[in-house]
Amino acid sequence: MHLRPTVCEGRMSRELRRQLRDAAKPICAISGATPHHAQLAESAGFRLFFHSGSQAAANIVGLPDAGLMTLTEATDNLRRICQSVTIPVIADCETGFGNVVNTTRAVHEFITAGVAGLFIEDQVFPKRCGFARGVEVIGVEEAKGKYRAAMAERDRLDPDVVVIARTDSRAAVGGGMDEVLRRCDAYLSVGVDMLMVMALQSREEIRRITEAF
């Protein structure tokens with residue numbers, strides 16, 4: 001058995017930035033939950049692995065995607081994933097596992113585990129699967145505070161790590177495209193690197209988002 005060499009600090013985040021900078025078309029990634037999933041993705045030729053919180057909950061602890069996996073369980077799994085491959089890993093940081101203070105801690109743990117990027121959603125805690133009924137989102141200002149905290153900790157540890165703001169407002173109670181557009185604009189205003197919009201309902205809605213941002 002040959003263990004993979006330890007990736008030097010920051011290397012995968014720089015590689016992810018390079019991929020995003022040089023891509024002539026959308027980057028094709030695949031999601032999964034375990035080190036073996038990540039290894040299979042790399043062996044199949046994917047150059048980016050997308051860690052799925054819902055798949056991790058199912059595969060690691062046998063629970064639904066309802067905020068039941070702890071930060072420690074998630075971090076331990078991510079560390080093994082990042083050490084098992086030589087491609088960047090983007091991680092599901094859920095809601096930051098709580099409030100602004102919890103978000104700072106979660107970002108610290110994820111980055112020191114080796115992730116190249118991470119996304120944090122604007123759902124209430126505990127959350128639901130983004131495609132489930134009854135999704136609720138926090139206020140815009142509270143969400144912006146979490147993203148500011150995430151970026152501050154990112155800048156302290158590894159400025160190349162990509163911070164992604166995920167909004168679940170399309171499927172949220174009382175949500176819709178106007179709220180999605182409002183939140184995307186607000187999140188970009190605090191300096192997040194990318195947007196992730198969940199549960200869009202049509203190609204036209206996807207087109208509206210890409211044209212707006």
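Analyst: Start with the labels. Helices (H or I, at least four residues) and strands (E, at least two) are DSSP runs, and they are numbered from the N terminus. This is a predicted model: local features need pLDDT of at least 70, side-chain atom pairs count only at pLDDT 80 or more, and totals for chains, interfaces and linings use all residues. Residues are numbered from 1 along each chain as its sequence is written, and side-chain values use heavy atoms, with hydrogens and water left out.

Our part is the loop between E3 and H5. Glu94 sits in this loop. Look at their backbones. Glu94 is not a glycine, yet its phi is positive, at about 50°. Phe97, also a residue other than glycine, has a positive phi near 65°.

Now ask how much of each residue can be reached from outside. Buried means under 20% relative accessible area, exposed means over 50%, and partly exposed is in between (1.4 Å probe, protein chains only). Glu94 has a relative accessible area of 11%, so it is buried. Phe97 is buried as well, because its value is 14%. Compare Thr86, in the loop between H4 and E3. Its relative accessible area is 27%, so Thr86 is partly exposed.

On a 1 Å grid over the protein atoms alone, a cavity is a set of points where a 1.4 Å probe fits but cannot get out. A pocket is an open set with protein on both sides within 12 Å along at least five of seven lines. Lining residues have an atom within 4 Å of a point. Grid points are joined across faces, edges and corners, and a volume is the space filled by probe spheres set on the points.

A search of the whole structure finds one cavity of 30 Å³ or more. About 130 Å³ of space lies in the largest cavity. Its lining has 17 residues, and Gly53, Gly67, Met69, Glu94 and Phe97 lie nearest the centre. H3 and H4 each give at least two residues to this lining. H3 gives the largest share, three residues. The lining divides into nine nonpolar, five polar and three charged residues. Here Ala, Val, Leu, Ile, Met, Phe, Trp, Tyr, Cys and Pro count as nonpolar, Asp, Glu, Lys and Arg as charged, and the others, Gly among them, as polar.

Step along to helix H4, which holds Asn77. Asn77 has a relative accessible area of 4%, so it is buried. Leave out residues up to four places away in sequence. Asn77 then touches Ala33, Thr34, Pro35, His51, Ala56 and Ile60. Touching, or contact, means heavy atoms within 4.5 Å.

Next comes the largest pocket. Its volume is about 670 Å³. It is lined by 27 residues, and Phe50, Ile164, Met194, Leu195 and Met196 lie nearest its centre. Strand E2 (49–51), helix H3 (53–61), E3, E5 and strand E6 (194–197) each give two or more residues to the lining. E6 gives the largest share, four residues. The pocket lining holds 17 nonpolar, six polar and four charged residues.

Then look at the packing. A nonpolar core is a set of buried Ala, Val, Leu, Ile, Met, Phe, Trp, Tyr and Cys residues joined through side-chain atoms within 4.5 Å. The largest core has 34 residues, and Phe110, Leu118, Tyr147 and Tyr187 touch the most other members. Elements that supply at least two residues of this core include strand E3 (89–92) and helix H5 (100–113). Another core, of 11 residues, lies apart, and Ile90 and Ile164 are among its members.

Finally, step back. The protein has eight helices and six strands. Its radius of gyration is 16 Å, close to the 17 Å that the globule rule gives for 213 residues, so the protein is as compact as a globular protein of that length. That radius is taken over C-alpha atoms, and the rule is 2.2 Å times the number of residues to the power 0.38. Buried residues make up 47% of the 213. Glu94 and Phe97 belong to that buried group.
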